[in-house]
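Please read each point with the sequence and the structure at hand.

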Amino acid sequence: MKKIICVLLALAVVLSLSACSSNKPDKVVQLYLNGYLEMNCNMMQEAVLDQQDDIITMMQGDDSLEKKLIDIAREQMSYKITKTEYSDDKETAYVTVDITTKDLSQLLTQAISACYEWIFDQIINGGNASDAELYDKIYNYVLDSVKDINDTVTYTVKFVLTKDQDGNWKIDPQQYGKELINSLLANMFGSYWE
């Protein structure tokens with residue numbers, strides 16, 4: 001009798017855990033975005049197919065400007081999952097999310113414009129400035145100017161999920177659109193894609 005009760009309890013636990021599984025498309029997207037907000041690349045990687053994810057690569061990379069942009073974007077970022085849909089064959093899911101972030105769309109253009117005089121001076125006077133020096137000038141302009149920007153922008157992003165070989169829903173990073181990249185990088189490159 002004790003064995004039967006133990007088996008039934010174990011079965012009940014397994015069933016309740018599977019019912020609360022994060023293996024629902026919206027929960028997978030939530031895992032990815034929460035991982036982003038927490039700077040937890042492992043959480044994000046758990047949510048994507050075994051492919052290269054450009055956002056995770058930036059977070060793990062050495063580029064200090066990209067990392068700073070991610071920090072800035074995370075400061076005011078919020079999201080709301082608004083809809084989950086499935087393809088007719090139930091092999092693909094689409095999770096729509098509204099992501100609100102700081103709007104830095106004009107900042108990169110302004111930084112480059114602000115550096116034109118320095119670049120022109122380098123050309124006219126035969127300066128030997130390196131790409132690294134130009135990068136530093138732009139980087140410093142961005143960091144000095146970003147604190148004055150309080151505008152936000154909301155993107156509607158559609159995540160595409162497919163099932164992996166184990167039948168678990170995973171985000172397909174090959175389907176990322178410019179809206180996701182813009183929303184996770186505080187719309188920094190928005191002016192270039194419009």
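1. **Salt bridges.** The count of salt bridges comes to 2, a salt bridge being a side-chain nitrogen of Lys or Arg within 4 Å of a carboxyl oxygen of Asp or Glu. Side chains of opposite charge can pair when their charged atoms come close. The model is a predicted one, in which local features need pLDDT of at least 70 and side-chain atom pairs count only at pLDDT 80 or more, while totals for chains, interfaces and linings use all residues. Residues are numbered from 1 along each chain as its sequence is written, and side-chain values use heavy atoms, with hydrogens and water left out.

2. **Arg-74 and Asp-71.** Helices (H or I, at least four residues) and strands (E, at least two) are DSSP runs, numbered from the N terminus. Arg-74 counts as partly exposed because its relative accessibility is 22%, and Asp-71 counts as partly exposed at 31%. For these classes, buried means under 20% relative accessible area, exposed over 50%, and partly exposed in between (1.4 Å probe, protein chains only).

3. **Glu-85 and Lys-158.** Another salt bridge joins Glu-85 to Lys-158, with the closest N and O atoms 3.9 Å apart. This pair links distant parts of the chain, since Glu-85 is in strand β1 (residues 78-86) and Lys-158 in strand β3, 73 residues apart. Glu-85 is partly exposed, at 31% relative accessibility, and Lys-158 is also partly exposed, at 45%.

4. **Surroundings of Lys-158.** Strand β3, which holds Lys-158, spans residues 152-163. Which residues does Lys-158 touch, not counting those up to four places away in sequence? They are Glu-85, Tyr-94, Val-95 and Thr-96, where contact means heavy atoms within 4.5 Å. The C-alpha atoms of Lys-158 and Gln-175 are separated by 9.1 Å, and the two residues are 17 residues apart along the chain.

5. **Overall arrangement.** The protein has 9 helices and 4 strands. Along the sequence these follow the pattern α-α-α-α-α-β-β-α-α-β-β-α-α. Of its 194 residues, 36% count as buried. Among contacts with a separation of 6 or more, 67% come from residues 24 or more positions apart.

6. **Nonpolar core.** The largest nonpolar core has 47 residues, of which Tyr-32, Phe-159 and Ile-171 touch the most other members. Such a core is a set of buried Ala, Val, Leu, Ile, Met, Phe, Trp, Tyr and Cys residues joined through side-chain atoms within 4.5 Å. Leaving out residues up to four places away in sequence, Phe-159 touches Val-29, Tyr-32, Leu-33, Ala-93, Tyr-94, Val-95, Val-97, Ile-171 and Leu-180.

7. **Threonines of strand β2.** Strand β2 covers residues 92-102 and includes Thr-101; Thr-100 and Thr-92 are found in this strand too. Is Thr-101 buried or exposed? Thr-101 counts as buried because its relative accessibility is 0%. Its side chain reaches the backbone oxygen of Ser-183 at 3.4 Å. Beyond its neighbours within four places in sequence, Thr-101 has contacts that include Ala-73, Gln-76, Met-77 and Asp-151.

8. **Thr-100.** The side chains of Thr-100 and Thr-154 are joined by a polar contact of 2.7 Å. A polar contact is a pair of N or O atoms within 3.5 Å; within protein, one must be able to donate a hydrogen and the other to accept it, and residues adjacent in sequence count only if both atoms are side-chain atoms. The C-alpha atoms of Thr-100 and Thr-152 are separated by 6.6 Å, although these residues are 52 residues apart along the chain.

9. **Surface.** The protein exposes about 11500 Å², and carbon and sulfur atoms supply 51% of this area. Accessible areas come from the Shrake-Rupley method with a 1.4 Å probe; for residues, only the protein chains shown count as cover. Ile-124 is in helix α6 (residues 107-124) and is exposed, with a relative accessible area of 54%.
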